[in-house]
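Please look through the structure below with an eye to its aromatic side chains and to the backbone of its loop residues.

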Amino acid sequence: MGQPGAFIGALMACIFWAVSGPVFHYSDTWQLVINTATTVLTFLAVFLIQNSQNRDGAAIQAKLDELLRAIESARSQFIGIEHLSDKQIELIRTALERQAQSEKPARPKRKPRRAKQKTASDTVDRLLDRF
């Protein structure tokens with residue numbers, strides 16, 4: 001449905017329908033034809049769009065998994081986390097944000113936060129190992 005040919009076909013059908021109005025005396029049946037056709041096509045388009053998004057998402061996840069696998073310093077436990085529940089993913093995301101906060105450069109007058117950095121990193125690793 002996302003091809004130019006499909007658009008041209010739909011446009012031609014609408015033009016044909018509009019031109020046929022006087023022939024059918026703009027009857028209720030004539031109006032019902034276009035209403036029903038557009039409703040059915042919209043309904044079917046929802047499924048096509050969802051299928052396309054699912055394929056896109058799966059392809060992106062496969063690409064990300066390959067990057068995680070290929071980069072030596074990346075944690076391979078992240079591969080496949082898209083299959084976890086929303087709550088589990090939120091826990092990991094929160095732990096990653098805490099880790100990122102603890103890794104921010106310290107202000108010049110303060111000492112680096114080594115203990116917290118290790119703790120935050122350990123938290124992410126523990127969550128990934130648990131799930």
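Where is H25 found? H25 is found in the loop between α1 and α2, helices being DSSP runs of H or I with at least four residues, numbered from the N terminus. The model is predicted, with local features needing pLDDT of at least 70 and side-chain atom pairs counting only at pLDDT 80 or more, while totals for chains, interfaces and linings use all residues. Residues are numbered from 1 along each chain as its sequence is written, and side-chain values use heavy atoms, leaving out hydrogens and water.

H25 has a phi near 55°, a positive value in a residue other than glycine, and its 67% relative accessibility makes it exposed (over 50%; buried is under 20% and partly exposed in between, with a 1.4 Å probe and protein chains only). Y26, in the loop between α1 and α2 as well, also has a positive phi, near 50°, but counts as partly exposed at 47%.

Y26 forms one aromatic cluster with W17 and W30. A search of the whole structure finds 3 aromatic pairs, where rings of Phe, Tyr and Trp (its six-membered ring) pair if their centres lie within 6.5 Å, with planes under 30 degrees apart counted as stacked, over 60 as edge-to-face and the rest as tilted. The rings of W17 and W30 are stacked, because their centres are 4.0 Å apart and their planes at 5°. Since W17 lies in helix α1 (residues 4-19) and W30 in helix α2 (residues 28-70), this pair ties together parts 13 residues apart in sequence. W30 counts as buried at 10% relative accessibility.

The rings of F43 and F47, by contrast, are edge-to-face, with centres 5.1 Å apart and planes at 75°. These two residues are 4 apart in helix α2, and so are separated by about one helical turn.
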